[in-house]
Structure formats: C-alpha cells, structure tokens
Amino acid sequence: MKKKIGVWGWWQGNNLGDNWIRHILESYFPDAEFVPTSETNFSEYNYIVCGGGGLFIYDVISPFDQIDINVPFGIIGMGAEFEHESNLAKRLADKADFFYVRDKYSIDCMHLAEENTSYDVTFLKPLDILPREKVDLDSVFFVWRDGHELLKNRKFNAYIQYEDTYQEWVKRIGYNFSTIRKNDFQSNEYDILSLMENSGFVISGRYHGIVAAIQRGIPFVAIDICPKIRALLQECGLEEYCVKISEIDKIDDLIQKAKDNIESIREREIKYTENANKILKIQMENIKYCIAKALMPLKVIYYGSYWMGENDVVKVMADDLKKECEAIIIDLKAYSEMPDQRIKSIEPTPNGTVCILDSEKVIQDIQKYNPDAIILNSGGLCVEKKLRNVLNNQKIDLIGISLSDPDVYPYNGAKYAADFSLFYTNSKYSYFNQYKREDVNIKLLPFAASVSHHYYMPEVHKKYDLVIVGHARSERRKTVSKLTEICNVGLYGDGWKNGLGLVSGEKQVAAINSGKMYLSFSRTMAGFENVKVGLFEAMACNQFVITSYMEELEDYFKIGEELVCYKNEDELIELVQYYLAHEAEREKIRKAGYEHFLREHKYQDRWKRVLKDIYILKGLN
C-alpha cells in the first residue's frame with residue numbers, strides 16, 4: 001500500500017498568504033493531501049507535515065497539544081505572536097523529526113533553541129527581483145487589514161493600539177502616489193505577483209504583503225498590526241519602516257525616506273531573501289530525508305576495519321551510522337594478524353592496501369540480512385565482478401568511501417571507484433581533479449566528528465597553552481620547536497621528542513581538551529593540503545582551533561570568526577601569542593566554532609547526506 005502524507009495547516013481559510021504557502025508546499029509534496037486544521041485525527045496518514053504559519057499564535061493548538069500524536073510528524077514555518085504560557089512547544093519540538101520556526105521572535109515566544117530558526121515558507125521559491133530600472137516609485141500596492149477581529153483578543157488589542165484611520169491612510173497614500181492598487185488578501189488566489197503587477201512600492205498591514213516587497217526588492221511601509229510583521233523587519237534590518245496604525249503623522253516622511261533610500265533597502269532585502277532561500281532549501285532537504293527515513297527505512301551492511309581503537313574514524317562513522325538507520329556493522333580486521341574470512345586477498349600498495357572481498361561470503365551476509373545497500377569504508381575495500389552482478393540483480397546499491405585521498409587515489413579509487421553505485425572521497429581536490437565523472441558517480445564526503453566519541457570535558461585542566469595530537473614529521477618538528485619557545489605545548493602522538501606518547505579512546509579526548517588552543521596540521525603524507533579529521537575532532541571537543549589556511553576551509557567554518565588560520569610560521573607564532581593574550585576574543589571564536597560544528601559537522605549529518613543519496617538512487621526522493 002502506498003504511504004500517505006498529510007500536510008496540515010490553515011488551508012480552509014480565505015487568505016492569500018496561506019494559499020501562497022500551500023502553493024509552495026504543493027510543489028515539494030505533490031502527492032500529499034492537504035488537511036485543514038479542523039481535522040485532528042491523523043490515523044489515516046503515515047506522516048504529517050504541519051504547514052506552519054500562525055498556528056501557534058498564543059500557544060500550541062490541538063491536536064499537537066496532546067504531544068502523543070500517533071504518527072511521525074514535523075513542522076515547518078511555524079510562528080507565534082505572543083509568548084507561550086506553557087512549554088508544550090518545546091516538548092513538541094523534542095518529539096518532532098523537524099521543527100522549523102519562521103523567526104527568532106517566535107523562537108523566544110515558544111521557548112525554543114536557536115537551532116529551530118527558519119524563515120517564512122514562501123522564501124523557498126521567492127518572487128523574482130524587480131529590476132531596478134523597472135521600479136516605479138509612483139505606483140503603490142496597498143494592502144489593508146481590518147483589525148476589528150483581532151481586537152476581540154486582549155493581547156492583540158493592547159499591541160495594535162488601534163485607531164480607525166483607514167480613510168486617512170488612503171488620503172495620505174493618494175498624496176504620494178499616482179497609481180494605487182488595493183487589496184485585502186481575502187482571496188482563494190495565491191498569485192500575489194499578478195495583483196502587484198508593476199508596483200514599485202508596497203504599503204501593507206498583511207505580513208505576506210511585506211514578504212512580497214522584500215522578495216521583489218522594492219521599498220515599503222509596514223503597518224504594525226501584529227508582532228510577526230515587526231519581527232520580520234527586525235531580522236531584515238528595516239524596522240524603521242514599520243509604524244503603528246495610528247501613527248498617521250509619520251506616513252509622508254516615511255514614504256519619502258523609503259524612496260530616497262531604495263538602494264540600501266534593496267541591498268538588505270536581496271541579502272535577506274538569498275539567505276532565507278539558502279537555509280530553507282537545506283531544511284527542506286532534511287525534511288524530505290526525515291520523511292523518507294520514517295516511511296521507507298533503509299537497512300545497510302557496513303564493512304570496515306579499525307586500527308586506532310574506539311576513536312578510529314571508520315569505527316566512529318560506524319557508530320554514528322547506527323543512529324541513522326538499521327546498520328549491520330562488520331569489522332573485517334584487515335589490520336590484524338587474522339583478518340576476517342570475508343577478505344579474499346590483501347594486496348599491498350605504496351601507501352596502503354587493496355582488500356578484495358570474497359563474493360560467496362558477502363552473498364551469505366546478503367541472504368542473512370537482506371540489505372538495501374552495502375557500504376565499504378576505506379582500507380582499499382573493493383569487490384569482484386561476480387558480486388557486482390549479484391548486487392545489480394538484487395538492486396542492492398554498493399557504496400564506497402575513501403578517507404585517504406588524494407594520497408591513495410592512484411592505487412585505490414583510480415582502480416575500482418567506477419565499480420560502485422556511488423563513491424565518496426574525503427578530498428575536494430580529488431573530487432574536482434582526480435575522479436573522472438564520466439566513469440564514476442563521485443561525491444564529496446568531508447570529514448566530521450562524532451559527539452559520542454569526541455566531546456567537551458570541562459573537568460580537564462587546560463594545562464597547555466597549545467595542544468597537538470598527531471604524529472611527528474620533519475616539517476612539523478621545525479614548527480613545534482619554534483612554538484615551544486613562546487608557550488607551553490602539549491605534544492601527543494608518535495615520534496615527538498619529549499612528547500606524551502600515543503593516545504586513543506577517552507585519553508585522546510582528554511588530550512585534545514587539555515589545551516587552551518589546538519593546532520591542526522593540514523598537510524598529508526604525500527604533501528597535499530587537506531581539511532583533516534583532527535580539526536573536526538577538536539571542534540567537537542569545544543576547542544579553539546588554529547590551522548594553516550586553505551580556501552576549502554571556508555566551505556565549513558568562517559575563518560577569523562569560528563577558527564583562525566596562518567599562512568606561514570611567523571604568522572602562526574603571532575596568532576598564538578595574540579590569542580593567548582586576548583582570552584575574550586579567543587573564547588568568542590571557540591564558542592562560535594563549536595556551535596557551527598554542532599549544527600552541521602557531525603558524522604550523523606554526513607550520513608544523512610549519504611542515505612539521502614541512496615534514496616535518490618532508489619528513486620525514493
């Protein structure tokens with residue numbers, strides 16, 4: 001039976017803004033049934049998406065106030081107007097697969113964390129920006145909202161500061177514009193663009209009238225009839241163009257000011273729209289993944305080998321994979337004296353191995369576990385043609401991961417990556433310069449860290465000014481020698497003179513935590529620059545991170561705001577000295593880097609991307 005998705009929201013209303021939201025969501029959920037808020041029994045659905053908007057104006061409404069909703073669900077674009085008296089929203093967010101709130105003001109009203117912040121749903125597919133030369137500042141789109149219904153509520157009554165000033169608004173608008181297009185948004189239509197036509201200015205007491213102005217890149221005056229309008233403009237940096245319905249004396253000057261400052265207004269509107277669109281697209285990808293995961297859970301067999309104990313990256317990834325799907329984890333023990341019998345042969349290469357799996361042994365695993373996909377992680381793992389044929393016939397996707405590119409590419413990925421349904425490289429350089437896209441379905445899978453394996457240990461004393469966890473090399477020894485002249489350096493790893501030795505497991509985590517700052521070397525054994533796993537592990541430990549500059553770093557963290565980078569040894573020395581002397585700045589950067597790591601760079605986040613790609617391979621996206 002086909003799974004049934006319901007999208008629940010204000011669809012029964014006669015409101016252009018709600019219809020606009022619905023139109024956007026219909027494009028993302030074409031097979032969903034749109035359910036009005038009058039329906040509170042979700043038993044016939046397999047998944048519910050709450051369409052957001054002003055559903056939680058005062059507090060959580062039925063049936064979401066019951067918490068124990070009988071189907072998996074998530075919420076997008078939710079908003080509030082006044083502070084909630086209960087903590088139901090937080091409890092609901094903890095249970096939901098996703099819970100995205102349209103502005104920071106609503107976040108505060110609902111007592112939620114910043115990680116739930118989002119934007120109005122219409123920014124998923126914003127209106128086209130009106131070219132500057134077509135902005136007619138003599139033509140206004142005027143959207144009035146009759147506030148009498150709102151006045152029946154004491155909170156709105158107090159907020160609006162209502163006066164019956166409609167005729168005065170019309171008169172003042174007539175003084176400032178030759179063309180006026182009026183609307184009240186009481187409509188079954190969603191096409192706001194056709195209503196605005198070529199208007200180059202907006203005056204609106206409707207939230208989505210101001211949203212439309214921002215997306216079109218045109219000036220406006222907002223009538224502050226509800227908190228969500230002012231909240232939007234605060235985030236956009238344009239609150240000065242928001243006035244109460246009674247502030248008639250400000251209208252003329254404000255209209256002229258908006259016309260005079262059209263360039264700066266457009267700049268802020270465009271920036272806000274682009275950022276909202278970017279964030280919403282990321283969130284929508286996560287929403288689709290959450291729904292697919294709930295309705296069509298994947299089962300995978302994961303093969304790998306570990307040589308660095310509990311904190312070995314292949315082991316860490318395996319543990320986080322189990323948090324995202326049903327995963328059968330098989331340690332092939334390729335680095336031990338007695339490898340698993342599933343390994344048919346181990347062929348040495350100049351910098352590693354190629355491990356060929358025994359087809360019959362893997363087929364036995366397939367018969368036992370009935371997987372949707374098989375993941376081979378690192379260690380030169382590959383398969384024979386016989387097994388590839390079996391996997392193709394049974395529609396089991398074969399996923400390969402390389403964790404040591406670019407160094408191992410000539411002996412590993414170059415030889416067998418094309419045999420995989422999908423192959424991931426850890427290296428951006430390899431992704432763009434080594435793999436041949438006509439032969440390989442290649443994707444980038446950057447390193448990350450697991451909060452289960454690497455974490456902040458506040459009880460560990462910061463006994464070192466700078467800590468390094470990594471093996472000694474000639475170029476590193478030279479740098480470290482200079483650092484030891486200016487500060488107290490804690491050295492962990494193999495080959496250091498006066499070093500503290502190799503560490504693994506919890507001792508490695510404690511070592512990372514033992515310094516005020518952490519230095520991450522970026523050069524690989526073969527001399528390539530790479531964003532190393534150690535950098536992410538240090539971030540997971542809530543560390544202030546210093547590393548050598550490479551352009552790729554900007555894909556993951558804001559340089560100077562979330563970590564710091566040096567381009568030569570002299571600059572490294574200066575940075576270490578500066579940040580040891582400026583603790584407040586160091587702490588600000590450390591905190592920002594840690595928060596960004598938690599948002600985006602856990603291995604769970606990476607696995608979501610991989611599993612999403614598997615869904616796409618299977619046509620389930």
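1. Patches are made of residues with over 30% relative accessible area and no salt bridge; like charges are joined within 9 Å, and nonpolar side chains (Val, Leu, Ile, Met, Phe, Trp, Tyr) within 5 Å. Lys278 sits in helix H11, residues 262-295. Helices (H or I, at least four residues) and strands (E, at least two) are DSSP runs, numbered from the N terminus. Lys278 has 53% relative accessibility, so it counts as exposed. The classes are buried (under 20% relative accessible area), exposed (over 50%) and partly exposed in between, with a 1.4 Å probe and protein chains only.

2. Basis of the model. Residues are numbered from 1 along each chain as its sequence is written, and side-chain values use heavy atoms, with hydrogens and water left out. The model is predicted, so local features need pLDDT of at least 70 and side-chain atom pairs count only at pLDDT 80 or more, while totals for chains, interfaces and linings use all residues.

3. Nonpolar surface patch. Trp307, Met308 and Tyr335 form a nonpolar patch on the surface. Together they have about 360 Å² of accessible area. Accessible areas come from the Shrake-Rupley method with a 1.4 Å probe; for residues, only the protein chains shown count as cover. Tyr335 lies in the loop between strand S12 (326-331) and strand S13 (343-349). Its relative accessible area is 43%, so Tyr335 is partly exposed.

4. Five-stranded sheet. The strand order in this open sheet is S7-S6-S8-S9-S10, and the pairing is parallel. Strand S7 (179-183) and strand S10 (242-243) stand at the edges. Each has a single partner strand, so one side of each lacks a neighbour in the sheet. Two strands pair if DSSP finds at least two bridges between them. Strand S9 (residues 220-223) pairs with S10 in the parallel sense over two bridges. Ile223 has Val243, in S10, as its bridge partner.

5. Salt bridges overall. The structure holds 38 salt bridges. The criterion is a side-chain nitrogen of Lys or Arg within 4 Å of a carboxyl oxygen of Asp or Glu. Side chains of opposite charge can pair when their charged atoms come close. Glu168, Lys171, Arg172 and Asp252 are linked in a salt-bridge network.

6. Arg230 forms a salt bridge with Asp224, with 2.8 Å between the closest N and O atoms. Asp224 has 0% relative accessibility, so it counts as buried.

7. A bridge between two helices. Lys612 and Glu285 form a salt bridge, their closest N and O atoms being 3.1 Å apart. The pair links distant parts of the chain: Lys612 is in helix H22 (residues 603-617) and Glu285 in helix H11, 327 residues apart. Lys612 is partly exposed, with a relative accessible area of 21%. Glu285 counts as partly exposed at 45% relative accessibility.

8. A bridge between two strands. Lys516 and Asp465 meet through their side chains in a salt bridge of 3.5 Å, N to O. This pair also links distant parts of the chain, 51 residues apart: Lys516 lies in strand S22 (residues 515-520), Asp465 in strand S20 (residues 464-469). Lys516 counts as partly exposed at 33% relative accessibility, whereas Asp465 counts as buried at 17%.

9. Cis peptide bonds. Ser62 and Pro63 are joined by a cis peptide bond, with omega about 5°. Pro63 is in the loop between strand S3 (47-50) and strand S4 (73-78). Asp405 and Pro406 are also joined by a cis peptide bond, with omega about 0°. Pro406 lies in the loop between strand S17 (397-402) and helix H15 (413-416).

10. His111 has phi near 60°, a positive value in a residue other than glycine. His111 is placed in the loop between helix H3 (104-109) and strand S6 (136-143). At 26% relative accessibility, it counts as partly exposed. Asn542 has a positive phi too, near 65°. Its loop runs between helix H19 (533-540) and strand S23 (545-548). Asn542 is buried, with a relative accessible area of 7%.
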